[in-house]
Amino acid sequence: MSKDRPTDAANIIATVAAAYAARADVTADQVVDLVAKLSAQFGEELGEASASHAADTATANASHARPQPALPIEDAVTEDKVFCLCCGRGFKMLKRHLGSEHGLSEDEYRTLFNLPADMPLVAPSYSARKAAYAKKVGLGKHSRDDLEASLHDA
């Protein structure tokens, strides 16, 4: 593992809990509950296992378990925002955030949380505003034949 990554279960728990506590929508009780759950999960590694075994176990557990969404899926899309299920932050569009912060493509994100293909990853109001602007400026109204005819006439 690299130097900046934790190598034993206690450090992994501390790192995860600190990242979770940094979220604005998390209460102290939720952080305590998370630490308790992680401690129970890694309990045997805390006292007796080597650092490499703890890291291997954490990786294996993460690959088998589907992550829990940061908020209920039905609350992930509002009129003005779409919320990331990984971290709970709200955006107009998720694509850039997913790639830069979580290293996920849109398809990987949908698969990770078992989301339907038609679930929006762009806020509905933002999408409607962009569509209205496109119609206003005439995008999509002209066919290629009309464009070529106007170019030949000029």
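This is a predicted model: local features need pLDDT of at least 70, side-chain atom pairs count only at pLDDT 80 or more; totals for chains, interfaces and linings use all residues.
## About the model

Local features need pLDDT of at least 70 and side-chain atom pairs count only at pLDDT 80 or more, while totals for chains, interfaces and linings use all residues. Residues are numbered from 1 along each chain as its sequence is written, and side-chain values use heavy atoms, with hydrogens and water left out.

Patch residues have over 30% relative accessible area and no salt bridge, with like charges joined within 9 Å and nonpolar side chains (Val, Leu, Ile, Met, Phe, Trp, Tyr) within 5 Å. A salt bridge here is a side-chain nitrogen of Lys or Arg within 4 Å of a carboxyl oxygen of Asp or Glu.

Lys 130 sits in helix α7, residues 124-136 (a DSSP run of H or I, at least four residues; strands are E, at least two). Lys 130 is partly exposed at 47% relative accessible area (buried is under 20%, exposed over 50%, partly exposed in between; 1.4 Å probe, protein chains only).

## A nonpolar patch

Tyr 133, Val 137 and Leu 139 make a nonpolar surface patch of about 330 Å². Leu 139 belongs to the loop between α7 and α8 (144-153), and is exposed, with 58% relative accessible area.

## A buried cysteine

Now for Cys 87, in the loop between β1 (82-83) and β2 (90-91). Cys 87 has a relative accessible area of 15%, so it counts as buried.

Leaving aside residues up to four places away in sequence, Cys 87 touches Arg 23, Ala 70, His 97 and His 102 (contact means heavy atoms within 4.5 Å). Pro 69 is 18 residues from Cys 87 along the chain, and their C-alpha atoms are 8.0 Å apart.

Definitions and conventions: Accessible areas come from the Shrake-Rupley method with a 1.4 Å probe; for residues, only the protein chains shown count as cover.
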